[in-house]
Amino acid sequence: MPTIDPVFTPDEVDSLNAYQHSNAFHPFTCGGDRTDEKHLDGEGRLVATEQGFKCPFCEYRQDWCHQWMKDWSWKSKYRQFPDILRLEGKDATS
Ligand SMILES: [Zn+2]
């Protein structure tokens, strides 16, 4: 089972937000099942902060994630998507 921690470090925030915008995997989205017009933009994609994930459109908060999402290990799964990496200007081996 993946490790679940309540607080993120700055590096973990970077990893998580890169993950959230990678489009290689489904990102965390607002857990409130919100379907109002404000959530139609980006499907309520959550933003990672050191205090946890926050929905940019409402008060929804989430304070956990999977270990592989915050330690950059998701990028090892990501190497099969070189076109996406190039678009982001990132190196999968870094
Ligand atoms: Zn929301």
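**Strands, helix and core**

Tutor: Strand S2 (residues 52-54) and S3 run antiparallel and are joined by two bridges. Strands here are DSSP runs of E, at least two residues long, and helices are runs of H or I, at least four, numbered from the N terminus. Two strands pair if DSSP finds at least two bridges between them.

Student: Before we go on, what kind of model is this?

Tutor: This is a predicted model: local features need pLDDT of at least 70, side-chain atom pairs count only at pLDDT 80 or more, and totals for chains, interfaces and linings use all residues. Residues are numbered from 1 along each chain as its sequence is written.

Student: Back to S3. Which residue there is the bridge partner of Lys54?

Tutor: Arg61.

Student: In what order do the three strands sit in the sheet?

Tutor: S1-S2-S3, in an open sheet with antiparallel pairing. Strand S1 (47-49) and strand S3 (61-62) are the edges, each pairing on one side only.

Student: And how do the elements run from the N terminus?

Tutor: The order is α-β-β-β-α-α. That is three helices and three strands.

Student: Switching to H1. Which of its residues are buried?

Tutor: Ser15, Leu16, Tyr19 and Gln20. Buried means 20 or more other C-beta atoms within 10 Å of the residue's own; exposed means 12 or fewer, partly exposed is in between, and C-beta atoms are placed from the backbone.

Student: Why are those on the same side of H1?

Tutor: Because they cover an arc of only 135° around the axis. The arc is taken over the directions from the helix axis to the C-beta atoms. Pro10 and Asp11, on the other side of H1, are exposed.

Student: What covers the buried residues of H1?

Tutor: The cover includes S1 and helix H2 (67-70).

Student: Where is Glu12, and why is it partly exposed?

Tutor: Glu12 is in helix H1 (residues 10-20). It is partly exposed because it has 19 other C-beta atoms within 10 Å. Glu12 and Gln67 are 55 residues apart in sequence, yet 9.5 Å apart in space, C-alpha to C-alpha.

Student: How many residues make up the largest nonpolar core?

Tutor: 12 in all, among them Leu16, Tyr19, Phe53 and Cys65. Such a core is a set of buried Ala, Val, Leu, Ile, Met, Phe, Trp, Tyr and Cys residues joined through C-beta atoms within 7 Å.

Student: What does Cys65 touch?

Tutor: Leaving aside neighbours within four places in sequence, Cys65 is in contact (C-beta atoms, placed from the backbone, within 7 Å) with Leu16 and Lys70.

How values were computed. Two residues are in contact if their C-beta atoms, placed from the backbone, lie within 7 Å.
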